[in-house]
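Dear colleague,

I am passing on the structure below, together with some notes on what was found in it. Please read the notes with the coordinates open beside them.

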Protein chains: 4
Amino acid sequence: MAGSTIGNQFKITTWGESHGAGVGVVIDGCPAGLSLVEEDIQRYLNRRKPGQSAYSTPRQESDTVRILSGVFEGKTTGTPISLMVANEQQRSKDYSEIASYYRPGHADYTFDAKYGFRDYRGGGRSSGRETIGRVAAGAVAAKLLSGLGISFLTYCESIGPVSVDMDRFDPEEINRNPLYMPDKTAAAEAAAYLDECKSNCNSSGGVIACRITGVPAGIGDPVFEKLDANLAKAIFSIGAVKGFELGDGFAAARATGLSNNDSFIPDGQGGIAKKTNHAGGILGGISDGSPIFFRAAVKPTPSIAAEQDTVNKNGEAVRVSIKGRHDPIIAPRAVVVVEAMAAITVLDAMLTNLGAVTEDLK
Amino acid sequence: MAGSTIGNQFKITTWGESHGAGVGVVIDGCPAGLSLVEEDIQRYLNRRKPGQSAYSTPRQESDTVRILSGVFEGKTTGTPISLMVANEQQRSKDYSEIASYYRPGHADYTFDAKYGFRDYRGGGRSSGRETIGRVAAGAVAAKLLSGLGISFLTYCESIGPVSVDMDRFDPEEINRNPLYMPDKTAAAEAAAYLDECKSNCNSSGGVIACRITGVPAGIGDPVFEKLDANLAKAIFSIGAVKGFELGDGFAAARATGLSNNDSFIPDGQGGIAKKTNHAGGILGGISDGSPIFFRAAVKPTPSIAAEQDTVNKNGEAVRVSIKGRHDPIIAPRAVVVVEAMAAITVLDAMLTNLGAVTEDLK
Amino acid sequence: MAGSTIGNQFKITTWGESHGAGVGVVIDGCPAGLSLVEEDIQRYLNRRKPGQSAYSTPRQESDTVRILSGVFEGKTTGTPISLMVANEQQRSKDYSEIASYYRPGHADYTFDAKYGFRDYRGGGRSSGRETIGRVAAGAVAAKLLSGLGISFLTYCESIGPVSVDMDRFDPEEINRNPLYMPDKTAAAEAAAYLDECKSNCNSSGGVIACRITGVPAGIGDPVFEKLDANLAKAIFSIGAVKGFELGDGFAAARATGLSNNDSFIPDGQGGIAKKTNHAGGILGGISDGSPIFFRAAVKPTPSIAAEQDTVNKNGEAVRVSIKGRHDPIIAPRAVVVVEAMAAITVLDAMLTNLGAVTEDLK
Amino acid sequence: MAGSTIGNQFKITTWGESHGAGVGVVIDGCPAGLSLVEEDIQRYLNRRKPGQSAYSTPRQESDTVRILSGVFEGKTTGTPISLMVANEQQRSKDYSEIASYYRPGHADYTFDAKYGFRDYRGGGRSSGRETIGRVAAGAVAAKLLSGLGISFLTYCESIGPVSVDMDRFDPEEINRNPLYMPDKTAAAEAAAYLDECKSNCNSSGGVIACRITGVPAGIGDPVFEKLDANLAKAIFSIGAVKGFELGDGFAAARATGLSNNDSFIPDGQGGIAKKTNHAGGILGGISDGSPIFFRAAVKPTPSIAAEQDTVNKNGEAVRVSIKGRHDPIIAPRAVVVVEAMAAITVLDAMLTNLGAVTEDLK
């Protein structure tokens, strides 16, 4: 029943509900000696902060992170790093209505089925605010990985029917538009599509892509702890994710061996490279030195103003319209969550893989 | 580095290489009192046995399982169940050539990068034979779940470009054709496509679908141990899997909230059901009582007779053609592996979820 | 490297240093529906609070606990319970001297050897304040167990050379003297002994005993997860513990089979009891229904005012006298820590053992 | 309920009952490149083999180990090492009587309480034969540690009332007498004492001591994964162990800070040593570079020929005398089991501690 901890060597435990005192994370196993200040984490958190565009909820929270332990004289000590963000808008609303019925597409019913009751204020533990702890921990992992030459490029590849055109792909564009798309034109089309969704009291899904550069070959463990299996779990643990694919993913199921295999080639420097990267940088669960590339499918925001059928806690049919102004799309704000979970997973695999060979131990 | 164990309460550890003495699994945490004989397991293993059709490798192995511990007077005792299948064809071949270069699409290079060397005979630990332990353990999990009213329907949904037509969907057909497709016509078309692949020294990918019926609402844990996250990991840990989606999966990313949300409805018996099942039976990581439905994308067999570019262990470019007659497709034989991993994951979640509420403890 | 989490189903993660912002714990896996208010936890914390007698450090901290998550409308929700105690006296002292050398009997040197540096203020992570998180979590576990009829009697059995006389054993006395001894006379003698230690700038060790009543037979897991093995680990994880014994413990090594075996007898109500309890309530790692009884040896406070030899960070010999007024004994304040760790361990074992038999699953 | 796996990075899973097909272990996470042949393991197993002296059971089994996986061309591959020892005397006996009642001091009753029934032949899973898997895994761990300069000295320190005289301590003597005592005279006295126990249909307990040399400072993790806490668990998981103490152990509880603290001193080579080692080589859960020293109390063999009271499965009082010729003492044969568990624990801690500092990662 204890599901709020992930990781083996770099282990994180998140806590907190939407309308409790706050949300936070304890990071255990971060190596000692990493320079770390609150601003390193805040920059990551700001990428998921609400109220930043027409496409995210206008809930205004500063989401200011505080380091409560594990850092001394500006450096990590190797002991648990406790991070906390206080909830600011936690008393403002009347949730008695939402408490009475089960919102479609939400976890209201399943929490009740499992626990007998739930904290219904703003989704409680299944709120998007739960991801704050993930992002805070991901910021720490990403900083450490950055020092090892590992970097992340994460973005919205598609929103509803609008996809990025690879010919217009521009990584610089990602942080210039509120939808985190690496294609200015697609971002504009997607914005128009989202305006339409909003005017219809509706919402949209999207696809997030992530490319990780610099992971050396040899990371990940055969059989159950494959690097891609752990990425799949980490990404699927994000609330609205409904699909995960590595490299060509589902397209590989329609391909042939000849078109899908990546030929190895000399890299010109005495090492080995690959001619293509259909595999997405992982073979047999172990990194092959190419960029790791994966996609996540994110479902549409389930909270919509349009009327829907559902049942109340007595099992009676009711019609509901979800009040409040919600994000018409989850994917853009989930970009940094995906990146955070990827960073946490890769760092954990790297720490776990030290000493795979007896030579390394001496 | 220890990646061969999965599960929390129902924990399995697999061992063995393609050409060692054998392969096996230790199941720890199986409740006591389950009737279990070797035939229960053998039936599952026979579904993945080689040499059964034109579309699987003609390697002839009886793959006979032996129960070495954990069963007494025909019942599980609650202590570890050790299962073993001896390898029979382990000395027959000269692997000196395969040892010298890195096969495209295989884990040869990544194992060398990680461990410094590898057991190169027949893929060693990354061989498909590693899945025997998974299937054996899955047979035990499925038998226990069956007693709780939980059943699995697993099949090939598509092979290369050929997909099952839902209008012709017939579950009875699945075990009648060697491709495990629930549509006789599609199976015939897929067989023709595979014949063509073979004649071109090529291979094909495919999609496996799995529907799990009877899981009660309330199973799975919020945040990182979501039931779908654990299914994603378990399925992605199978060698050739490149994609995983739950319910509508990637299609949900193109959908809207209105079309994707599943309305709750009274089930007519005082309980709650859903009008649709786009979610695939899991909300917020917890089962909602609907059938759990997921798909896995399986890549084409990387071992193909067609010539390919690669490099040898010295990093020099070479041209290779993989000798031996390999399956032109992995997906059909992986159907039972997918089912096994799903059964293991669901049972583990159920055992972990007992006692979620203080009332349950009394 | 991530060592601050313990437990499988009832999982706790502690964080915090002596002189950081605070200390805390995240409890994950507490069943839903348990009534819980801060006062339930505060009562436990008050048992370890400093400044309560002549035999504990005069550091004055209110150690007020705050529930940050996981409780809604007075009941646990099944999601993580985050508890925090702010540090109040964290800026008051000059630690530059302590930073320069390695205190004998402390973890200064080993932290430096492991991490390269350390938070030297007041012992940092190896401070006794780390146990606040344990005690807070233990209060929750004990409350839940109390509802299942399981109770704890924990006390100092000896202090230095002074032992409790079993003929004078009075459980009511435990909370009447500051040394938590169940024998008024022994408590007085021990107090005199401690006064003598203090006047000699010295300190004393002690033995803590714990008796757990009401654990049903059948809890614990054979082989590595034996209930006594997990108790041994949990108790040995408390800073100053140097020995652990179950039942007769080391005395059993001098006994014979005839004197050490406990005969089973009919309990007069159709059940089974034991004539004696040399085993301490656990056989083969599984509870036998008798009270569980164990002892922990606690070393003397290493911080003493008497002069000692040690080395500084440059490896040079120095003479030091630890400034400040420290507890002349650790054992009495560790009584509640021992009880907390025992409660956490027993509850985790009980939650893990649900569903040991297939019948239980239906 | 899954209790047969231990370890984080060096993970072992044991299986098997006294009278099943065999017993074994799967070692997962052993680094690649270690030279390993069956003889390396057999030498360890021979130290616990029955039938070697008048003080061990005359059951004759060759206990020949077979490596089933994980070794290729004489070296470990980094993948699971499966080791098996077939049971040879498994069909010889009538166990119907033993099945009907609960032997005092054994796990018969607790297994029934937990699982509803048990494999009663020879103790089933709670038989001493379960330790074969531990010893086999320990042999692998010890070989790897030996290459890192870490060695073990394990012996019987006392048997019943007979203790080793430290003035006569001779490590060479340990393997010369069947009681593994480092003192010829004490061994002779202990043998006489055991003869007397046998003639009285009785048995004796004993104390095992273990000294581990060469562990560098800095191994082990603060808080719950302290090196001593994990040693306590590992040693307490051995069937008959009733007490564990590190360094001075329970004597430290009677000591003062001045007598118990170990002064640090310059080691004369620019490093740091300790003047004494009351702590037993671990401070704050982390190794301090001194030898690690611990003791385990082992209870007397519970199977004795003398008549005892107990109850049968119907809860009725009966008198029993345990048939068969059992070891009159467990401790000597448990010496190698203690050493094996210590080696497994130390190696796991070392593999877990790589990368504690960010510098190590580059």
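A salt bridge is taken here as a side-chain nitrogen of Lys or Arg within 4 Å of a carboxyl oxygen of Asp or Glu. The model is predicted, so that local features need pLDDT of at least 70 and side-chain atom pairs count only at pLDDT 80 or more, while totals for chains, interfaces and linings use all residues. Residues are numbered from 1 along each chain as its sequence is written, chains are lettered from A and ligands numbered from 1 in the order in which they are written, and side-chain values use heavy atoms, with hydrogens and water left out.

Between chain C and chain D the salt-bridge rule finds 6 cases, and one of the pairs that meet it joins C:Lys114 to D:Asp221, whose closest N and O atoms are 3.0 Å apart. In this interface 105 residues of chain C meet 105 residues of chain D, contact meaning heavy atoms within 4.5 Å. The buried area (the accessible area, with a 1.4 Å probe, that two parts lose on being put together, summed over both) is about 8,100 Å², and carbon and sulfur atoms give 64% of it. On the chain C side, C:Phe224, C:Lys242 and C:Phe264 lose the most area to chain D, together 10% of what that side buries.

Finally, helix H6 of chain C (residues 227–236; helices are DSSP runs of H or I, at least four residues) is largely enclosed by the rest of the structure, because 10 of its 10 residues are buried, that is, under 20% relative accessible area (1.4 Å probe, protein chains only). Among them are C:Asp228 and C:Lys233.

With best regards

Notes:
Buried means under 20% relative accessible area, exposed over 50%, partly exposed in between (1.4 Å probe, protein chains only). Helices (H or I, at least four residues) and strands (E, at least two) are DSSP runs, numbered from the N terminus.
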